[in-house]
Amino acid sequence: MALLASRIADLGTENAFKVGDDIARVLARGMEVVKFNLGEPDFDTPAHINREAIRQIEAGNSHYCDPAGILPFRKAIAEHVSRTRGLEVDPSRVIVTPGAKPPIGLSMMTYLDPGDEVIYPSPGFPIYESWVTYVGAKPVPLQLREERGFACGAEELAPLISERTKLIVLNSPSNPTGGVLSKRDLTGIAELVREKAPADVRIYSDEVYEHILFDGEEHRSIASQPGMEEKTVIVSGHSKGFAMTGWRMGWAVLPTPKEAAIFKQLNINLISCVPPFIQEAGREAYQSAESAAAVDKMVRAFEERRNWVVPALNAIPGITCQMPKGAFYVFPNVAGACEALGIPEAHAALPEERRRKVCQSAMFQMYLLYRYGVATMDRNSFGHIGAEGQHYLRLSIANRMEELEKGVALMKRAATDREGFAAFMEEEKLWS
Ligand SMILES: Cc1ncc(COP(=O)(O)O)c(C=O)c1O
């Protein structure tokens, strides 16, 4: 009998957490590292939210609570969603989770049987693909295209829908591309789902970057489209918009109270509850008059950095970069730089098993980190199925301007240092 369940082999991961080991190794050599790998705001949680959590702890609000989430917070979420999406959401459809990540697994456990098909964006948040394979469902990656600004609409989605389609994942604004679905995209997708998708299909709408939009754009949800509220699991949380990544607070609005009850039951089985003082702080984030200014300050900073970093990356030979419309990432195409460095040849020369596991952008990523002290994420860290031949990096711009300037200058030097890449391959032997 094998020690491990066979499904463990199908569980993926989030490399943004794993790359920390390589960074630690580089730091231990005495090098400095510019960190473009982290997907979290470089701001601290706004003071008024912190104060509410402290007040709650001191008042003794530190016991078990409702596994669905405390009612005052679920009410605040329902009000927020109703107001911003033009819906009428009742708190009985809201479930609070430790972060916006858990609802991914909860949804896959709730809706999928082996063989059911899941359409999800690629590049996309890696946990989608991880859970699809883990539960034995069939991954159907929707390859987002650079020339479409990494958005997608009915045209891209239609060929992927089949009678086995059970879940369609949307993520706008997107990690890792910063792509945003336009009104037209959403209208088209809704029409397609109404007409072509199986009746019991569910849309998983990951809206965790709902607050981080540029150029005066407002957030739009697929759930606001006619007939979509009853098919959509709307998910968001406080990690990104309120700089609360370490608090672990997210939520899902389910299509029906019955489905919400299943999420509640899964919460009971997995976590019991999210700490009540954390939820009170989350409620405060939605209800305090001080929140809007705090969020706006961060978003303006991300926008300013985006406006600097995109032209700076485009000025590097071999790199082209789209202007993201939201979130705090840029997703440059580095195919030309890989070519200039001799990465395609080095990749072709890897032992076969290594070659299958490592992509060219990962070789560029590790070269940047080990030789130049710039930590980024490679294309395949955002879904690897069907990603062959795509050469991108993700850079988080949730970093100070000086760091951005330093990191981009280093990338510029690295992108033309062919000898440096050859020496890196020779000396580090990461994949031999
Ligand atoms: C698209 C997307 N969904 C969900 C999450 C998870 O968020 P949380 O930290 O709140 O669990 C992230 C975090 O990076 C994300 O980028």
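Predicted model: local features only at pLDDT ≥ 70, side-chain atom pairs only at ≥ 80, totals over all residues.
## Cysteines without partners

Searching the whole structure turns up zero disulfides. A disulfide, for the record, is a covalent bond between the sulfur atoms of two cysteines. Take Cys65: the nearest cysteine sulfur belongs to Cys273 and sits 3.9 Å away, and Cys65 is in no disulfide. The cut-off here is 2.5 Å between the sulfur atoms. Cys65 is also buried, with a relative accessible area of 18%, where buried means under 20%.

Cys338 is in no disulfide either, and for this residue the nearest cysteine sulfur is that of Cys359, 8.6 Å off. Cys338 has a relative accessibility of 1%, so it counts as buried.

## The ligand and its shell

Which residues come nearest to the ligand? Out of 13 around it, the nearest are Asp206, Tyr209, Ser239, Lys240 and Arg248.

From the side chain of Tyr209, an N or O atom lies 2.7 Å from a ligand oxygen. The side chain of Arg248 likewise puts an N or O atom 2.7 Å from an oxygen of the ligand. With Ala100 it's the backbone instead: one of its N or O atoms is 2.8 Å from a ligand oxygen. How much of the ligand does the protein bury? Taken alone, the ligand exposes 390 Å², and 94% of that is buried by the protein.

Strand 6 is mostly covered, with five of its five residues buried. In a regular strand, side chains alternate between the two faces of the sheet. Here both faces are covered: Arg202, Tyr204 and Asp206 are buried on one side, Ile203 and Ser205 on the other.

Strand 6 pairs with strand 5 (residues 165-171) in the parallel sense, over five bridges. Within that pairing, Asn171 stands opposite Asp206.

Is Ile222 buried or exposed? Its relative accessible area is 1%, so Ile222 is buried. Ile222 and Glu207 are 15 residues apart in sequence, and their C-alpha atoms are 9.9 Å apart in space.

## Strand 8 between two partners

Strand 7 carries on into another pairing: four bridges join it to strand 8, and the two run antiparallel. Ile234 has Val253 of strand 8 as its bridge partner. Strand 8 (residues 250-253) is another strand with both faces covered, Gly250 and Ala252 being buried on one side and Trp251 and Val253 on the other.

Strand 8 also pairs with strand 2 (residues 94-97), again in the antiparallel sense and over four bridges. There the bridge partner of Ile95 is Ala252.

Strands of a sheet pair through backbone hydrogen bonds, either parallel or antiparallel. An open sheet of three strands, in the order 9-12-11, uses antiparallel pairing. What are its edge strands? They are strand 9 (329-330) and strand 11 (377-378), each of which pairs on one side only.

Strand 9 and strand 12 (residues 393-396) are joined by two bridges and run antiparallel. Val330 stands opposite Leu395 of strand 12.

## Buried spots elsewhere

Helix 5 (residues 102-111) is worth a look too. Seven of its 10 residues are buried, so helix 5 is largely enclosed by the rest of the structure. The buried ones in helix 5 are Pro103, Ile104, Gly105, Leu106, Ser107, Met108 and Tyr111.

Then there's Pro324, placed in the loop between helix 11 (291-314) and strand 9. With 3% relative accessibility, Pro324 counts as buried, since the cut-off for buried is under 20%. Between Pro324 and Asp10 there are 32 Å in space, C-alpha to C-alpha, and the two are 314 residues apart in sequence.

Technical notes
Residues numbered from 1 in each chain as written. Heavy atoms only, no water. Near = heavy atom within 4 Å. Polar contact = N/O pair within 3.5 Å; in protein donor to acceptor, adjacent residues only side chain to side chain. Areas by Shrake-Rupley, 256 points an atom, 1.4 Å probe, with all protein chains shown as cover. Buried < 20%, exposed > 50% of the residue type's maximum accessible area, 1.4 Å probe, protein only. Pairing = 2+ DSSP bridges.
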